[in-house]
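Subject: Structure handover

Hello,

Here is the structure we spoke about. Please open it beside this email and follow along.

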Amino acid sequence: MFRTLLEVALGGALGASARFAAYAAFSRADGQGFPWATVFVNVLGSFLMGVLVIWLQEKGLARHAPILLTGVLGGFTTFSAFSLDAVKLWEQGAFGLAAGYVLGSVAVSIMALALGMSLGRGWFA
């Protein structure tokens, strides 16, 4: 278990560093307009999650899932894990649950962020 934890931590550091590099590259190119870096990271991370989850499964390499999926892609974007969960529900035929998960997660996450910002402004301003 400890080895797996270390793999996830290493992968997370690599993924977070890649996310930082993407944000830095986009901010140099785009300034402070639309959050294209976030869109890029979320879409690329989701795409890579889809490819890797199948590749690891087909090649019998599931033992590398913690470092690659949870670590690298989780550090790069948690949106990829969210997307995988939604697609799994969809593929299981739980269409309503999948839609509720997506809509609810996005709506509640935005509300939580707004609440956190409001509280943070009260606490730290």
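Below is what was found in it, from the whole chain down to single residues.

First, the ground rules. This is a predicted model, where local features need pLDDT of at least 70 and side-chain atom pairs count only at pLDDT 80 or more, while totals for chains, interfaces and linings use all residues. Residues are numbered from 1 along each chain as its sequence is written, and side-chain values use heavy atoms, with hydrogens and water left out.

**Overall**

The protein chain has five helices and zero strands. Helices (H or I, at least four residues) and strands (E, at least two) are DSSP runs, numbered from the N terminus. From that end, the order reads α-α-α-α-α. The C-alpha atoms fill a box of roughly 50 × 35 × 35 Å, taken along the principal axes.

The chain has 125 residues, and 25% of them are buried. Buried means under 20% relative accessible area, exposed means over 50%, and partly exposed lies in between (1.4 Å probe, protein chains only). The accessible surface comes to about 8600 Å². Carbon and sulfur atoms hold 73% of that surface. Accessible areas come from the Shrake-Rupley method with a 1.4 Å probe; for residues, only the protein chains shown count as cover.

Now contacts (heavy atoms within 4.5 Å). Take those in the chain with a separation of 6 or more: 55% join residues 24 or more positions apart.

**The core**

The largest nonpolar core has 11 residues: A22, V41, M49, L52, L56, L61, A65, L69, L73, F76 and L84. Helix 2 (36-58) and helix 3 (65-76) each give two or more residues to this core. Such a core is a set of buried Ala, Val, Leu, Ile, Met, Phe, Trp, Tyr and Cys residues joined through side-chain atoms within 4.5 Å. In soluble globular proteins, nonpolar side chains tend to be buried together.

L61 is one of the core residues. Leaving aside its neighbours within four places in sequence, L61 touches W55 and L56.

**Helix 2**

Helix 2 has 23 residues. From first C-alpha to last, helix 2 reaches 33 Å, close to the 33 Å expected at 1.5 Å a residue. The expected span is 1.5 Å times one less than the number of residues.

Its buried residues are A37, V41, N42, G45, S46, M49, L52 and L56. L44 lies 36 residues from V8 in sequence and 20 Å from V8 in space, C-alpha to C-alpha. Just after the helix, G60 takes a positive phi of about 70°.

**On the surface**

F34, W36, V39 and V43 form a nonpolar patch, with about 400 Å² of accessible area together. Patches are made of residues with over 30% relative accessible area and no salt bridge; like charges are joined within 9 Å, nonpolar side chains (Val, Leu, Ile, Met, Phe, Trp, Tyr) within 5 Å.

How many salt bridges are there? The count comes to one. The rule asks for a side-chain nitrogen of Lys or Arg within 4 Å of a carboxyl oxygen of Asp or Glu. The pair is E7 and R3, with the closest N and O atoms 3.0 Å apart. E7 and R3 are four residues apart in helix 1 (residues 2-30), so about one helical turn separates them. R3 counts as exposed, at 64% relative accessibility.

S17 is in helix 1. S17 is partly exposed, with a relative accessible area of 46%. S17 and G75 are 58 residues apart along the chain, yet their C-alpha atoms are separated by 8.1 Å.

G104 lies in helix 5 (residues 95-124) and is partly exposed at 28%. Neighbours within four places aside, G104 is in contact with A99 and S109.

Best wishes
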